[in-house]
Amino acid sequence: MTEQKKKPSARRRARECATQTMYAWEISKNTPEAVELAFLVDTPEESKGADLPYFRKLFRQTINQLETIDDALIPALDRDITELDPIERAVLRLSTYELLFEHDVPYKVVINEAIEVAKAFGAEDSHKYINGVLDKIAIDR
């Protein structure tokens, strides 16, 4: 009997897309609008199955609230934010946005989703680091 792989939820896909787009924005230094458009137009298969309105909100609002997000994130880090891997930084910023501003999403869901996104895109054990950082931020929520 083979185990069928569970299809990720539309919200998880939105978070994955937002992570990829945050990474591209930071690396490319292009405008958020240009990066979002390029992601959606140039790689439409990447956004398949995603909750696109939530993806857009998550990406745009994280950038709009970046100073507030970093102010909440930095005290929970054990190193300078610039020393984080760009994928870890993207996951942490997006998740911190959700913890601070998306009060309808339970903090345990935010943390679990961040762990799963980190497992998909981050370094081998980055999900453990992300879990620890987000736990600290969630306490202050």
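Which side chains meet in a salt bridge at 3.6 Å, N to O? In this predicted model, the contact is formed by the side chains of Asp51 and Arg11. Asp51 is located in the loop between helix H2 (32–42) and helix H3 (52–64), whereas Arg11 belongs to helix H1, so the pair ties together parts that lie 40 residues apart in sequence. Both partners are classed as partly exposed, Asp51 having a relative accessible area of 22% and Arg11 a relative accessibility of 29%.

Helix H1, which spans residues 10–28 and contains 19 residues, reaches 26 Å from its first C-alpha to its last, a value close to the 27 Å expected at 1.5 Å a residue. The helix is followed by Lys29, for which phi is positive, near 65 degrees.

Arg15 and Glu98 are both buried.

Between helices H2 and H3, the side chains of Glu36 and Arg60 meet in a salt bridge at 2.8 Å, N to O, with Glu36 in helix H2 and Arg60 in helix H3, 24 residues apart. Here Glu36 counts as buried, at 5% relative accessibility, while Arg60 is partly exposed, with a relative accessible area of 41%. Salt bridges that share partners also join Arg12, Arg15, Glu98 and Glu113 into one network, and a search of the whole structure finds 14 salt bridges.

Conventions
Residues numbered from 1 in each chain as written. Predicted model: local features only at pLDDT ≥ 70, side-chain atom pairs only at ≥ 80, totals over all residues. Heavy atoms only, no water. Helix = DSSP H or I, 4+ residues; strand = E, 2+ residues; numbered from the N terminus. Expected span 1.5 Å × (residues − 1). Salt bridge = Lys/Arg side-chain N within 4 Å of Asp/Glu carboxyl O. Buried < 20%, exposed > 50% of the residue type's maximum accessible area, 1.4 Å probe, protein only.
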